[in-house]
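Let's take a walk through this structure together, with an eye on backbone angles and charged side chains. Have the model open as you read.

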Amino acid sequence: MQNRSSFRRRHLAAVTAVLAITAGTALAAGPAALAAAPAGVTAPAGLTAAAGPTAAADVTVPFPADGKIDGAGATGFLSRSGETGQELRWTRYEDGVSAAVASPVGGGVDGTGTDILVVGDSAAPHLMRTVTLLDMSAPVADRPAVVVSFDLGSLGATYVRAVGPDTVLAKRIGANGSEKLLLVTSENDVAHEREVTGLPADARHFSAGASAVDGEILVGYETGSDLITGGRAVIDLATGAVVKTYGASDSGYLQSQMSLSASHVAWSHFTEDDGIVVHTVDRSTGTTKRRVLGFVDEHLTGLVGNWLVFGVPSKLTEHGTFPNTRVRAVDLTAGATAEPVELTAYANSMEPAADGSLLIRGGTLEQGEGLYEVSSPGGGQLAVEKVATTGQPTALTYLGSQVPAVVDFDRDRETELKWRLSRLNADVHLKLTHKKTGQSYSRLLELRRTYPSRHTFDDITFGITWQGVLADLSANGKSAFNGDYTWEFRAVPQNGIGAEVKQSGTFKVVRSAKPHDYSDNGSPDLFARDRDGALWRVDSTYDSYTRKLAPTYQRAAVGSGWNTYDRIESVGNVAGTNVADVIARDRTGALWLYQGTGSETKPLGARTKIGSGWGVYNQLAGGSDLTGDGRADLVATDKAGDLYLYKGTGSATAPFGARKKLGGGWGGYNQLTTVGNLAGGPAGDLLARDTAGILWLHLGRGDGTFASRVKVGSGWGGYTELIGFGDANKDGRTDLYAWGGPSRPSYVYAGTGNWSAPFAARASAELLMYAGAAYQHAL
């Protein structure tokens, strides 16, 4: 039984022996009027089948998933469940049908180890003064039979324990504080009391932590005045006399668990050195033994024949690892080196049955959750049998995944990846791996369901809200690549119950092609050329929680020799692939195409010459679809200030069509930037900065021409490069990156979609933080 620091005595006492219910047990005189059934005591309503999960294997009797065992009998058992633990139900073994067991307001129910239940006028059994005994095995018109009621208050007594179908053990406190232990029985509806003999004259604080077995019961008491000690006494119920006493350090009143079997007695108490210690005595030889349980808040102990059953109560869903929560049994007749055997992986409660067995509400890895009977069938052996089920596993069990087959990061800025386990007290080592590159995202999820956790969704579902990132050494990681992924996890039970669980699966990440994405991960990349002519790629990542754009941990070298070019531009996808491309003009005026590959380690392919004579232009800008055909186009201004359009063809060998003059007067601008569809119009747009530092927006009409310019703002002359960066913050709008130049601050301007105010306030974004002082050009 389970020990608790409360007035619920039946949760404090270890009840392990058979309660002998003998009809007509004779107890002598001292008649008193029998009480009628106490007001408010009602028998259960009509028996109805209790709702419950599908039974496991050959066990069909249901047990509440959140319940504890609260009483045992030959034909059924009493369970306690519900949020407040106040829902009592009696369930029959024969058919699994259960019924609620009611008690009066302020009253309670006490089990007896048989089919008899005691209903009294107090929630604490040791304070009951009026009790009614119900026989749950003999329902009359679907109601249990009322065997007898006692008004113990009229005797000046309170309830201790029921010891038969018509007999209770009670105690009476005298005017001087002395106590008498009484046997009160019903004969022909008349209560007779008899004082138990053989106890010390000053014995007090009586408690019975074990049911009667073979006509005997074990009680605890306290004695002495100056030097207070405790004791245990075995009482013969037929004679009402003590047949054996045992010394103890305390009375055990409302604290100690006491157990009785035909061969042994046992009780527990607290010591300063060892915590909870269980003492056992062989009734025939007097041999004593100690079993140390340690410093625990609660404990379970009981006797099954010559076996001591013990453990520490716990819940299957608890988070800590407590080795002594296993319920074990040790043979008290074996030698001192005898090792305990495990009965269940854990238990939350334990009760005796009428035949000397124990009922344990717990679980085993093989048979799962439910009610287990521990008995001694003969020869000093133990047997464990599952007699009722919750339909749930005890071992940590995988129940399935809720991972989408395809994750579309164009549609969703983040996605929930979820999995289900039978319980969530586990440490989950989760890993997402991109198949092509082998790069991964790993997290340790220390699941907790007892308080809010961002990794749990309900009582059986855990997961992550994935923003589409992979791990690197930067604070935020980097954007996840498009393509095929595997997910895998290893879940380790935190309470040590059951083996770890391993599972794996697959999914795919997709996005549409992005204008400034060279590594196929949806996030914009920057290229930067240093003073030695080396070209570097820097990836960016956006944290939607902090709303900050940051570089990934390490820049990637693209190649050397790029100082042969006087103009390098990112121009979007002009060669017909799904990756943005780069053009570079050498000092002879030849124009070269570097096709994007989508590879993180080699983002650009071999160069292809696509024309000559391009030295006449002082500005080149590409990346916007200005003509509405879905392809990126190129604009260029010559030294005369004329603006030309080169329409994209999608051909890798001839990516641009013949030029078309759009107009003159563009010589006043010192930078052109194509930014895609910035303002929500029919086509891509163009930004132009004049020599006074004023930035102008030219809205594309979709035919290669532009509407009248709109002033964006002044003060833009301090930036070395203005770069149409694509959608950096993943809000579906194109953004602008303003590079301040070597050793100067840089910013990102998030697009708003509003042509009259196309950018939000700038935010610091130092993407070129590695060797920044050495960079001369960014694109």
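Buried means under 20% relative accessible area, exposed means over 50%, and partly exposed lies in between. Keep in mind as we go that this is a predicted model.

Glutamate 87 forms a salt bridge with arginine 89, and their closest N and O atoms are 3.9 Å apart. Arginine 89, in turn, has a relative accessible area of 18%, so this residue is buried.

Next, have a look at glutamate 193 and arginine 172, whose side chains meet in a salt bridge at 2.8 Å, N to O. This pair ties together distant parts of the chain: glutamate 193 sits in strand E14 (residues 190-195) and arginine 172 in strand E12 (residues 167-173), 21 residues apart. Here glutamate 193 is buried, at 16% relative accessibility, while arginine 172 is partly exposed, at 25%.

Further along, arginine 733 and aspartate 731 form a salt bridge with closest N and O atoms 3.5 Å apart. Arginine 733 is partly exposed at 37%, and aspartate 731 is partly exposed at 27%. Salt bridges with shared partners also join Arg490, Glu500 and Lys502 into one network. Over the whole structure, a search finds 25 salt bridges.

Finally, turn to the backbone. Histidine 205, in strand E15 (residues 204-207), has a positive phi near 55° although the residue is not glycine. Aspartate 214 lies in the loop between E15 and strand E16 (216-223), and its phi is also positive, near 50°. Histidine 205 is partly exposed at 30%, whereas aspartate 214 is exposed at 62%.

Conventions
Residues are numbered from 1 along each chain as its sequence is written. This is a predicted model: local features need pLDDT of at least 70, side-chain atom pairs count only at pLDDT 80 or more; totals for chains, interfaces and linings use all residues. Side-chain values use heavy atoms; hydrogens and water are left out. Helices (H or I, at least four residues) and strands (E, at least two) are DSSP runs, numbered from the N terminus. Buried means under 20% relative accessible area, exposed over 50%, partly exposed in between (1.4 Å probe, protein chains only). A salt bridge is a side-chain nitrogen of Lys or Arg within 4 Å of a carboxyl oxygen of Asp or Glu.
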